[in-house]
Amino acid sequence: MRLRHLEEKDTYLMLEWMHDPFVVEMLGTDFMAKTIEDCALFIHESHCDNSCLHMAVVDEEDTYMGTVSLKNIMEGTAEFAIVVRSAAMGRGYAAYAMNEIIKIGFEKIGLQKIYWYVARENQRAVRFYDKNKYNRMEFPLGKPEKIRMENWSERYLWYMIEKDQLS
């Protein structure tokens, strides 16, 4: 497995996960309404947007297994996001892609902190992040200043990794 830039040939398998209820049931976007044209536009725009890095995680035959991203790259921070197809779940793709994109963020982009959130009820994702020993963030006084995400609420668990934590 490896990461590469998204390519036009990924559109159909990207749409596959977007229309898979098992994959999207806990995500905050209505992916079921997305079309093949939406996927093609996302892939095209991924090559033009300097505030985000979207990469495909692929198998040995270069088959698209999911997308891993750093979004809202600004002032040494970024938001992490990942989604993998059902066919990739439980096979190490998510852990591999997450580790690689975090390394890219710290070593090539120069980030200092990477944040992400997950719905509390998304137990599959919560177990994944906890199993991989990512640090949950606690905010007794509200949202930290540097987090620019729109989905700040008690509904979500927040995670963060800092550059000095990279092993």
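In this predicted model, E7 is partly exposed, its relative accessible area being 33%. The side chain of E7 meets that of K9 in a salt bridge, with a distance of 3.6 Å from N to O. This pair belongs to a network of salt bridges that links R2, R4, E7, K9, D10 and D62. Side chains of opposite charge can pair when their charged atoms come close.

For the model as a whole, the count of salt bridges comes to eleven, and two further examples may be described together with the accessibility of the residues that form them. R136 forms a salt bridge with D130, and the closest N and O atoms of this pair are 2.6 Å apart; R136 is partly exposed, with a relative accessible area of 38%, and D130 is likewise partly exposed, with a value of 31%. In the salt bridge between E79 and K71, the closest N and O atoms are 3.8 Å apart. Here E79 has a relative accessible area of 6% and is therefore classed as buried, since the limit for that class is under 20%, whereas K71, at 27% relative accessibility, counts as partly exposed.

The strands of the model include an open sheet of seven, arranged in the order β1-β2-β3-β4-β5-β7-β6, in which the pairing is mixed. At the edges of this sheet stand β1 (2-5) and β6 (135-137), each of which pairs on one side only. From one strand to the next, the twist averages 35 degrees. Within the sheet, strand β3 (residues 64-74) pairs with strand β4 (residues 77-84) in the antiparallel sense, over seven bridges, and the bridge partner of V68 in β4 is I82. Helix α5 (residues 123-131) packs on the sheet, where it touches β4, β5 (113-119), β6 and β7 (156-162), and the direction of this helix makes about 145 degrees with that of β5.

Attention may now turn to the nonpolar residues of the interior. In soluble globular proteins, nonpolar side chains tend to be buried together. The largest nonpolar core of this model has 32 residues, and those with the most contacts inside it are L70, F80, I114, W116 and Y129. At least two residues of this core are supplied by each of β2 (53-58), β3, β4, α4 (93-109), β5, α5 and β7, and the largest share, eight residues, comes from α4. When residues up to four places away in sequence are not counted, F80 touches V68, S69, L70, M98, I101, I114, Y115, W116 and Y129. Apart from this core lies another, which has 14 residues, among them M14, C39, A56 and V58.

The side chain of S46 reaches the backbone oxygen of I43 at 2.6 Å. Leaving aside residues up to four places away in sequence, S46 touches L6 and H54.

Notes:
Residues are numbered from 1 along each chain as its sequence is written. This is a predicted model: local features need pLDDT of at least 70, side-chain atom pairs count only at pLDDT 80 or more; totals for chains, interfaces and linings use all residues. Side-chain values use heavy atoms; hydrogens and water are left out. Two strands pair if DSSP finds at least two bridges between them. Helices (H or I, at least four residues) and strands (E, at least two) are DSSP runs, numbered from the N terminus. Axes are lines fitted to C-alpha atoms, for helices over the stretch in contact, and angles run from 0 to 180 degrees between N-to-C directions. Contact means heavy atoms within 4.5 Å. A polar contact is a pair of N or O atoms within 3.5 Å; within protein, one must be able to donate a hydrogen and the other to accept it, and residues adjacent in sequence count only if both atoms are side-chain atoms. A salt bridge is a side-chain nitrogen of Lys or Arg within 4 Å of a carboxyl oxygen of Asp or Glu. Buried means under 20% relative accessible area, exposed over 50%, partly exposed in between (1.4 Å probe, protein chains only). A nonpolar core is a set of buried Ala, Val, Leu, Ile, Met, Phe, Trp, Tyr and Cys residues joined through side-chain atoms within 4.5 Å.
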